[in-house]
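Hi,

Here is the structure I promised to pass on. Have a look at it first, and then read my notes below.

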Amino acid sequence: MSILKVAKLGNPILRQIAKPVPAATIRSHEIQRLIKDMVATMREYGGVGLAAPQVHESLQITVIEGMEDAGSGTRPPTQLQVLVNPALSVVSDELEEDWEGCLSIPDLRGRVPRYREVQVRALGADGQQIEFRAAGFQARVIQHEHDHLLGKVYLDRMGSFESLTFLPEFSRYWQERSDETDEG
Ligand code: NI
């Protein structure tokens, strides 16, 4: 297993549309190794999600794992999920705004509106079709990671940059008022 280098904002790979992974190749050694390395990289850098373009692979693969927030304990834990070729559909127009960060945009946080609930169709790490409904924190992380596959970052989804803050200022002025301070 390897910790992979994370592409930072400005790297053109973050702005490309990622290619779908042919279902028949998901169980290949190459793709399985990439998935394992993505999980290791996400955990190494304390992320709650990671998309393949962030590790310089323009493929439609995301890994998601929300860990329980040691501070407040209010965030529900999310089990490790591998989503290959994910497709999202919006369940209702209801939007929720909360803080996001991104491993590709270090040391910044901003408030981002996201759909509260989405229906997710994808292939799992075993190549099998999966479908489920995600809400709240999980839905937010999935939308953030899915955006990476479209060449989008969370800054593109902010209604305004008024909330954009550096990490020390986030900790000083804003963290207590938020449960979720996550990076994907
Ligand atoms: Ni991100």
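This is a predicted model: local features need pLDDT of at least 70, side-chain atom pairs count only at pLDDT 80 or more; totals for chains, interfaces and linings use all residues.

What follows is a walk through the sheet, the helices, the cores and a few single residues.

Let's begin with the strands. Five of them make an open sheet, in the order β1-β2-β3-β6-β7, and the pairing is antiparallel. At the edges sit β1 (49-51) and β7 (129-135), each of which pairs on one side only. If you compare neighbouring strands in this sheet, they are turned by 40 degrees against each other on average, direction ignored.

Going through some of the pairs, β2 (residues 61-64) and β3 (residues 81-90) are antiparallel and share 4 bridges. Next, β3 and β6 run antiparallel and are joined by 5 bridges; here Ala87 stands opposite Arg121 in β6. Then β6 and β7 pair, again in the antiparallel sense, over 7 bridges, and Leu123 has Gln129 as its bridge partner in β7. These two strands form a hairpin with 5 residues between them, and Gly127 in the turn has a positive phi of about 85 degrees.

How enclosed is β6? Of its 7 residues, 6 are buried, so β6 is largely enclosed by the rest of the structure.

Helix α1 (residues 29-44) lies across β1, β2 and β3, and runs at about 40 degrees to β2. Helix α2 (residues 136-149) lies across β1, β2, β3, β6 (117-123) and β7, at about 120 degrees to β7.

Is α2 buried or exposed? With 14 of its 14 residues buried, α2 is largely enclosed by the rest of the structure. Just after α2 comes Gly151, which takes a positive phi of about 80 degrees.

**The cores**

The largest nonpolar core has 20 residues, and the ones with the most contacts inside it are Met38, Ile61 and Val63. Two or more residues each come from α1, β2 and β3, with α1 giving the most, at 6 residues.

**Single residues**

Val21 is in the segment before α1. Its relative accessible area is 2%, and buried means under 20%, so Val21 counts as buried. Which residues does Val21 touch, once those within four places in sequence are left aside? They are Ile26, Ile31, Leu59, Gln60, Ile61, Val84 and Asn85. For a sense of distance, Val21 and Gln79 are 58 residues apart in sequence and 23 Å apart in space, C-alpha to C-alpha.

Ser58 is in the loop between β1 and β2. At 9% relative accessibility, Ser58 is buried as well. With neighbours within four places in sequence left out, Ser58 is in contact with Ile13, Gln16, Ile17, Ala18 and Lys19.

Last, the backbone angles. Asn85, one of the contacts of Val21, is in strand β3 and has a phi near 50 degrees, a positive value in a residue other than glycine. Asp107 is another non-glycine residue with a positive phi, near 70 degrees. Asp107 is in strand β5 (residues 105-115), and its relative accessible area of 45% makes it partly exposed.

That's what I have for now. Over to you!

Note on methods
Residues are numbered from 1 along each chain as its sequence is written. Side-chain values use heavy atoms; hydrogens and water are left out. Two strands pair if DSSP finds at least two bridges between them. Axes are lines fitted to C-alpha atoms, for helices over the stretch in contact, and angles run from 0 to 180 degrees between N-to-C directions. Contact means heavy atoms within 4.5 Å. Buried means under 20% relative accessible area, exposed over 50%, partly exposed in between (1.4 Å probe, protein chains only). A nonpolar core is a set of buried Ala, Val, Leu, Ile, Met, Phe, Trp, Tyr and Cys residues joined through side-chain atoms within 4.5 Å.
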